[in-house]
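Dear colleague,

Please find below the structure that I am handing over to you. My notes on its strands follow.

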Amino acid sequence: MAHSVLIVDDDPALTVGVAVRLEASGYQVLAANDVPSGVTKARQEGPDVILLDLGLPGGGGMVVLEQLQADPETRDIPVIVMSARHKTEGLSAVEAGADVFLQKPVENRRLLYALDTLLEG
């Protein structure tokens, strides 16, 4: 069975681009474009991994991360933060519970390596 990945990003072009690359590699892809839908989809769908942007409408990716970490149903879902913001914000996300930080634009090879590493964990 294919692993499911939830992409939480407000950039439709990036979401589609990443989704196409992941689907070509055998992943099932879900998407959300803001804080409330990201948290709701994570709770409803229980994805194997979440790809999370920090610059989201409705409070930002850190709010999503905090809500996921506070919920026993979603706290154990691995989170990969992808952001074009400064590296220090990515490190803050890792300190807050994210598993990996990838600087945008994310190379396909790095993304797939991060996913494989987390899922085989």
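**Strands and crossovers**

Strand E3, residues 49–53, is mostly covered, with five of its five residues buried. Buried here means under 20% relative accessible area, with exposed being over 50% and partly exposed in between (1.4 Å probe, protein chains only). Helices (H or I, at least four residues) and strands (E, at least two) are DSSP runs, numbered from the N terminus. The model is a predicted one, in which local features need pLDDT of at least 70, side-chain atom pairs count only at pLDDT 80 or more, and totals for chains, interfaces and linings use all residues. Residues are numbered from 1 along each chain as its sequence is written, and side-chain values use heavy atoms, with hydrogens and water left out.

In a regular strand the side chains alternate between the two faces of the sheet. In E3, Val49, Leu51 and Asp53 lie on one side and Ile50 and Leu52 on the other, and all are buried. Two strands pair if DSSP finds at least two bridges between them. E3 pairs in the parallel sense with strand E1 (residues 4–8) over four bridges, and Leu52 is the bridge partner of Val8. Four bridges also join E3 to the parallel strand E4 (residues 79–83), where Val81 is the partner of Leu52.

E1 is likewise covered on both faces: Ser4, Leu6 and Val8 on one side and Val5 and Ile7 on the other are all buried. Five bridges pair E1 with strand E2 (residues 28–32) in the parallel sense, and Leu30 is the bridge partner of Leu6.

E1, helix H1 (residues 12–24) and E2 form a right-handed β-α-β unit: with the strands pointing away from the viewer, the path from the first strand over the helix to the second runs clockwise. E3, helix H3 (residues 61–70) and E4 also make a right-handed β-α-β unit.

With kind regards
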